[in-house]
Amino acid sequence: MTQKRKFCSSANVYSQVPDGGWGWVVACAFFVVEALTYGVIKSFGIFFNDIRDSFKETNSRISWIISICVFVLTFTAPLSTILTNRFGHRPVVIVGGLLVGAGMIVASFSQTVVHMYITIGIICGLGFCLSFLPTVTILSLYFAKRRSLVTAVASTGECFAVFTSAPAITALKEKIGWRYSLFFVGVVQLNIIICGSLLRPIIIRSPITPKVSSAENRKEVQYMLENEKTHTSIDSIDSGVELTTSPKNVPSNANAEPEPKTDIEILVKSTDTKPSEKASLLDFSILKEKSFICYMLFGLFATLGFFAPPLYIIPLSISLGVDKDRSAFTLSAMAVAEIFGRISAGFVLDRKPIRKVYIELICVILLTVSLCAFPFASEFWGLMTCSAFFGFMLGTVAGTHLPLLAEDDIVGIEKMSSAAGVYVFIQSISGLAGPPLSGILVDSTYNYASAFYSCAAGMLVAAIFLAFVRPCKVGLCHSPLDETKSSDSQKSKTLQDTPEDFLEMDLGKHENKGNKKNEVV
């Protein structure tokens, strides 16, 4: 493996995926970005009761702040993919960090809940998307063998943020109030700009093979043509052997039909690409794959269970008579357990051979069980146990569901950038509807347990769609008509690849043989 680097801000050039190198710096940057994006979203429940009491609003209307934020975060994912493919990962993340910090700082001066819909919901939501998605995408390019483990460990940033911020911000609110505490969070989030500046572009170039001279090409062509009578016949078509005199096998015509690029070459822009050859900014061909459609539906319903429990765990604790100071520890326990869940899932998924989609399915089923356990908790330690169980299982799913797009069972590493944009975009629907739906159920039933039941129902449906991903990929869900069409197209392609002049030559030889036999008779 070779690496070329001219100066600090230049691109890293490798002959193969490094599985390290500057990738470790990118992993650290992703850790901080994860803490300042999803970590803040999950910790927003700390401000929930303060904002509700200050603006004298209902639970459902306050829930719309995070709902709009998550919706914008996921809805603008294709935009993030297009901007990343057009301008690169670094400038997009820097702009995202500026939007996140500015939106949160301005939100601390809000006078109505509508102001927070705009500042935190729209401005911060867009900044979260522009910061998070390009960072996790470029991290996947720096690692191959250890991708699952590195991504899982780096994604624990949000868990550390929730673990440390829950008691810290609670204590800070008592001294300076929730508005100045929110202002302080916005200032800290400006560090995303520094993390974005560390995202060096990566270029993978395959080693250049020496070209065969034109004289050798002519000799090889002459040799193949002289021996076509002894090495080829019309029967080779039926046997499935490719004809040696096919134009695509003649070295002199090799430039007429370029060979497909390798997996690594497709990941990045090559410097020898002609200006007229512009790569597609967003590949929608992934929508034709049934396995990816099932995985999108899995993400759509699984998102219902990602954000509502951390948002309602503190209000649920207070409703059961737990002190405000102790209720913050339930969120911390959830965060610590999520750290171990993410690391454990990354370690298991890096084991080979293993079918990662099925491991993910088992984790989703257990996550559904953990959501159903919350309504049965009646005191502090019961909530702590449920929070730890939920946090661990949430870590196994949340830390791996996005990197799994790079697996061949779904779309593969070549199409991960476009697949991530479309996949996160689909999650915007449930991200917008999930928390308000839980808030409406809480307002109508006067019981916070109903919010966890709705999340469990969504996670159960997600598990059903996840179970169909692998069967759709291997063709078990295809109809017989699709198989007939594919076989017919393969036969027609074989006939098209056969040179017409060679067929005429062989047919002529067979006719001459037949005429000689008739003359002898």
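Buried residues are those under 20% relative accessible area, exposed residues those over 50%, and partly exposed residues those in between (1.4 Å probe, protein chains only). The model is predicted, with local features needing pLDDT of at least 70, side-chain atom pairs counted only at pLDDT 80 or more, and totals for chains, interfaces and linings using all residues. Residues are numbered from 1 along each chain as its sequence is written, and side-chain values use heavy atoms, with hydrogens and water left out.

**View 1. The cysteines Cys294 and Cys472.** Cys472 counts as buried because its relative accessibility is 9%. Cys294, at 12% relative accessibility, is likewise buried. The sulfur of Cys294 has its closest cysteine sulfur in Cys472, 3.7 Å away, which is too far for a bond. A disulfide requires a pair of cysteine sulfur atoms within 2.5 Å, and the structure holds zero disulfides.

**View 2. The crossing of helices α1 and α9.** Helices (H or I, at least four residues) are DSSP runs, numbered from the N terminus. The axes of α1 (residues 23–36) and α9 (residues 157–189) come within 9 Å and cross at roughly 50°. Axes are lines fitted to C-alpha atoms, for helices over the stretch in contact, and angles run from 0 to 180 degrees between N-to-C directions. The two helices are therefore oblique to each other, a term for angles that are not under 35 degrees (roughly parallel), over 145 (roughly antiparallel) or 65 to 115 (roughly perpendicular).

**View 3. Val70 in helix α4.** Val70 is found in α4 (residues 59–75). With 2% relative accessibility, Val70 counts as buried. The C-alpha atoms of Val70 and Tyr38 are separated by 9.6 Å, and these residues lie 32 residues apart along the chain.
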